[in-house]
Amino acid sequence: MIKIKDLIFLYQKKNDEGQVVHETKAVDGVSMEVHQGEFIAILGHNGSGKSTLAKHINGILYPSDGDVFVKNMNTKEEANIWSIRQSAGMVFQNPDNQIIGTIVEEDVAFGPENLGIPTEEIWKRVDAALKAVRMEAFREKSPNRLSGGQKQRVAIAGVLAMEPDCIILDEPTAMLDPKGRRGVIEAVKSLNKEKGITILLITHYMDEVIDADRIFVMDKGKVAMNDKPEEIFKRVDELKALGLEVPFATELAWQLRKEGVDLPDTILRREELVKALCQLN
């Protein structure tokens, strides 16, 4: 689905004459492959390069060096960009930046309408997209009357209505309360499991990535770790050194092990921790 090879991206600061006076290497030699139907999480502290990386997959940014392929289409080739953006939709942190319709169903219809989809097909897609994110009851509501979590689900529905193979979510729950976060993440997981849509989730909430197929941890523009969640979260000390936390149950089990309690180092969920504690002699 996605292949990134030796990607480098430089942010350049120019003076009034257009001369480059400073360069920052935001992405530094990143390579990765994502297969159709995978749920991939990308973690990293602020400034680690994770959002810059995501914007390359949708063709918002172009490589300074290296290549990004989406379904074998190189993002460097301008003729590919329209098809790439149909294949890889993007959901941003603030849903207000994506919602433009006066009522929910109009907003969800906007994307497929711009693709030239016939009207009858558009409304079928709107129905399916709103149902997928559990927002069909709000289709005639004004987005201004929705909660943050509901708005974000509408933003996801708008991308979903364009029927992409992949959805990239750039910290979609950062501005939401815990209830809103749960609703959005449940919708994302459902799209992945039930519809086979490839998911790339960028987040700093560790509990959101427990069910990912793989996690990439970024630091200073590079991939510092790449493995399954249970393997990544074994490395508590390394993650903390990178300025990252771990899931609550993992943290508690780690603290208990330091006190001599015999617990496995693969605990990610509270139920797993409770079960392990109950099995102690």
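Colleague: In which sense do β7 and β8 pair, and over how many bridges?

Modeller: In this predicted model, Cys166 stands opposite Thr198 in β8. Strands of a sheet pair through backbone hydrogen bonds, either parallel or antiparallel. For β7 and β8 the sense is parallel, and the number of bridges is five.

Colleague: In what order do the six strands of the open sheet with mixed pairing stand?

Modeller: On one side, β6 (residues 88-91) and β7 (residues 166-170) pair in the parallel sense over four bridges; Met90 has Ile168 as its bridge partner, and Gly89 has Ile167. Strand β3 (residues 39-43) runs parallel to β8 and is joined to it by four bridges, with Ile40 opposite Leu200. The six strands form an open sheet with mixed pairing, and their order is β6-β7-β8-β3-β9-β10.

Colleague: Which strands stand at the edges of this sheet?

Modeller: An edge strand here has a single partner strand, so one side of it is left without a neighbour in the sheet. The strands in that position are β6 and β10 (222-227).

Colleague: What is the average twist from one strand to the next, and which helix packs on the sheet by touching β3, β7 and β8?

Modeller: The twist averages 20 degrees from one strand to the next. Helix α5 (residues 148-160) packs on the sheet and touches β6 and β7, with its direction at about 165 degrees to that of β6. The helix that touches β3, β7 and β8 makes about 150 degrees with the direction of β8, and this helix is α6.

Colleague: Why can β8 be described as largely enclosed by the rest of the structure?

Modeller: In a regular strand the side chains alternate between the two faces of the sheet. In β8, Thr198, Leu200 and Ile202 point one way, while Ile199 and Leu201 point the other way, and all are buried. The strand is therefore largely enclosed by the rest of the structure, the count of buried residues being five of the five.

Colleague: Which residues of β6 point the opposite way from Ala88 and Met90?

Modeller: Ala88 and Met90 share one direction from β6. The residues pointing the other way are buried, as are Ala88 and Met90; they are Gly89 and Val91.

Colleague: Is Thr203 buried or exposed?

Modeller: Thr203 has its place in the loop between β8 and β9. Among the residues that Thr203 touches are Ile42, Leu43, Lys50 and Glu171. Its relative accessible area is 1%, and because buried means under 20%, Thr203 is buried.

Colleague: What is the length of the polar contact that joins the side chains of Thr203 and Glu208?

Modeller: The side chain of Thr203 reaches the backbone nitrogen of Tyr205 at 3.0 Å. Glu208 lies in the loop between β8 (198-202) and β9 (214-219). The polar contact between the side chains of Thr203 and Glu208 has a length of 2.7 Å.

Colleague: How far from Glu208 is the nearest side chain of opposite charge?

Modeller: Glu208 touches several residues, including Phe39, Ile185, Lys189 and Leu201. Glu208 is buried and has no salt bridge; a salt bridge would need a side-chain nitrogen of Lys or Arg within 4 Å of a carboxyl oxygen. The nearest side chain of opposite charge is that of Arg181, at a distance of 4.2 Å.

Colleague: Which strands are the edge strands of the open sheet of four strands?

Modeller: The open sheet of four strands has antiparallel pairing and the order β2-β1-β4-β5. An edge strand here pairs on one side only, and the edge strands are β2 (20-34) and β5 (73-74).

Colleague: How many of the eight residues of α1 are buried?

Modeller: Helix α1 (residues 50-57) packs on the sheet and touches β1, β2 and β4, its direction making about 115 degrees with that of β1. The buried residues of α1 include Lys50, Leu53, His56 and Ile57. The helix is largely enclosed by the rest of the structure because the number of its eight residues that are buried is six.

Note on methods
Residues numbered from 1 in each chain as written. Predicted model: local features only at pLDDT ≥ 70, side-chain atom pairs only at ≥ 80, totals over all residues. Heavy atoms only, no water. Helix = DSSP H or I, 4+ residues; strand = E, 2+ residues; numbered from the N terminus. Buried < 20%, exposed > 50% of the residue type's maximum accessible area, 1.4 Å probe, protein only. Lys, Arg positive; Asp, Glu negative; His and termini not counted. Contact = heavy atoms within 4.5 Å. Pairing = 2+ DSSP bridges. Axes fitted to C-alpha atoms, helices over the stretch in contact; angles between N-to-C directions. Polar contact = N/O pair within 3.5 Å; in protein donor to acceptor, adjacent residues only side chain to side chain. Lists of a residue's contacts leave out its neighbours within four places in sequence.
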